[in-house]
Amino acid sequence: MRAFRQPLLVTLPGIRRDRAAAGLLAALLAAGGAAAQAPPADGSPAPAGGATAAGDAEPGTDAGPGDPGSDAPEPAAEGPAGTPGELARATGDAAEPPAAVGPEPGSEAAADAVEGPPEPPAWGPFEILGARIEPGEKARLSLATGESFAGTRVTVPVTAIHGTSPGAVICITGGIHGDELNGVEIARRVLSRIPHEQLRGTLIGIPIVNLHGFRRSSRYLPDRRDLNRYFPGHPRGSSASRIAHAVFDGVVRWCDALVDLHSGSFHRSNIPQVRANLNDPATQDLALAFGSEIVVHSPGQVGTLRRAATDAGIPSITYEAGEPMRFQREEIERGITGLRRLLEHLGAMPVDDPLVGPTELFWSASWIRVDEGGILRSAVSLGQRVRTGDLLGIVIDPLTDEHAEIRSTQTGRVIGMALDQVVIPGFAAYNVASERRRLDGDGLLDTDNPPVESSPPEDMSERPE
Ligand SMILES: [Zn+2]
């Protein structure tokens, strides 16, 4: 019995599925690659709503001086400047599949055509950020995102690898939060090790989107804004909004699929997991292809890169793993493996290891907050299964020695949690995922609970992504 609200439309490595209906990405590949995609310039992404969402973006520690929510509103978004045609992706002629201009059925020519090898689709250079990248080439590019206080140009490094044959444009972003290092390393290793000669399509990576924050080991931009609350941005908005716009307009809108890499925030850790809007078939396809043990449904908070890209018609997922400020070997390895599976699934790389482990899908997740200030001491560990009412941890008043219990408000699995630390009331301590679905070996979904048709819980908008 299939439990999804949407049909499962994917072809997972190792699990056969209906590829013919595999959504946007498969359609792109079937049509000869990225050229079939119309970049989302005209279907403008949602207005710069990130400005209004920024104030309550982060649980606990995010609020404070320089809170973006108190600033003047952003001007209305106009959508990315320029038209896709102006950027002239040189792959334009490849959109028509050769079969579309074949001879009349039944003719001799048709018989010859059947016997002969199919005409390979044209595949030319790829143009982005003013650069022209030939098939088989790798380019280091610079994305201008603004100016420093001294008036010098600030740029973010972008790596683009253009494959030798047609395929989708797949994008990887890391370091939108400058202190989340696992994703930076995942992007670096994938971009540096992928064999160009085997790549179909184009791979674009921005390992450190928030270079300002990365230099200072900070989640934020210099003005304490969270860049991941400002996408798709605006060219005349706040500093954060302008940077977001430069990234979105310069790179993201050209992507056929996007993977954004993150870690937990502020002394919190996340079990490796994929977050995605599973109600969108193409996004669901991408999320499951990654092969993460845990997949959590989440439309994404307005202003996040993933949400803005998804709203613009670009299937996008977030890989969340581990803690900030650390390079964690296992979380990094899992991310690299997931990206490899995803590239293979999209046809960008030959399939190497088709095996995918079991995947648990959760349709909901919410943060459980502490109500008392003091020293947090956890009774659970990351990944642990809990039931409603189970003790998650205690908060100890360091002066009075009073203990306050934190109990789970739902049955599910702890997918993110705070490390033991000093907390204040309202601090988001445990992220418990619930409404579990399970993907079995036949590719069908089993469910422990009936699907729940409900609006996202309040805390969905406060996930520290
Ligand atoms: Zn993050």
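**Notebook: contacts, core and loops**

I began with contacts between residues at least 6 apart in sequence: 71% of them join residues at least 24 apart. I noted that the model is predicted. Next I looked up the elements and found 10 helices and 19 strands. Of the 465 residues, 52% are buried.

**Entry: the core**

I looked for the largest nonpolar core. It has 98 residues. I170, V251, C255 and A429 have the most contacts inside it. Where does this core lie? Domain 1 (19–90 + 125–362) and domain 2 (367–436) both give residues to it, so the core lies between them.

Then I followed I170. I left aside its neighbours within four places in sequence. Its contacts include G201, L203, C255 and D256. A257, L343, L346 and A348 are also on the list.

**Entry: helix α8**

I checked helix α8 (residues 281–289) for burial. 9 of its 9 residues are buried, so the helix is largely enclosed by the rest of the structure. Among them are P281, T283, Q284 and D285. After α8 comes G291, with a positive phi near 75°.

**Entry: a sheet of four strands**

I traced an open sheet of 4 strands. The order is β15-β14-β12-β17, and the pairing is antiparallel. Which strands sit at the edges? They are β15 (403–407) and β17 (422–423), and each pairs on one side only. In general, strands of a sheet pair through backbone hydrogen bonds.

I took the pairs in turn. Strand β14 (residues 391–396) is joined to β15 by 5 bridges. There, I394 has E405 as its bridge partner. The hairpin of β14 and β15 has 6 residues between the strands. One of its residues, D401, takes a positive phi near 65°.

**Entry: two loops**

I turned to the loop between β7 (257–262) and β8 (268–276), where S265 has its place. S265 has 27 C-beta neighbours inside 10 Å, so it counts as buried. S265 and G322 are 57 residues apart in sequence, and 9.2 Å apart in space, C-alpha to C-alpha. F266 is in this loop too. F266 is buried, with 21 other C-beta atoms within 10 Å. Its phi is positive, near 50°.

The other loop runs between α6 (211–215) and α7 (239–250), and P232 is found there. Is the peptide bond from F231 to P232 cis or trans? It is cis, with omega near 5°. S217 is also in the loop between α6 and α7. Its phi is positive, near 55°. S217 is exposed, with 11 other C-beta atoms within 10 Å.

Why did I write these angles down? Most residues other than glycine have a negative phi, and most peptide bonds are trans.

How values were computed: Residues numbered from 1 in each chain as written. Predicted model: local features only at pLDDT ≥ 70, side-chain atom pairs only at ≥ 80, totals over all residues. Buried ≥ 20, exposed ≤ 12 C-beta atoms within 10 Å, placed from the backbone. Contact = placed C-beta atoms within 7 Å. Pairing = 2+ DSSP bridges. Core = buried A, V, L, I, M, F, W, Y, C linked by C-beta atoms within 7 Å. Domains from an automatic or database assignment.
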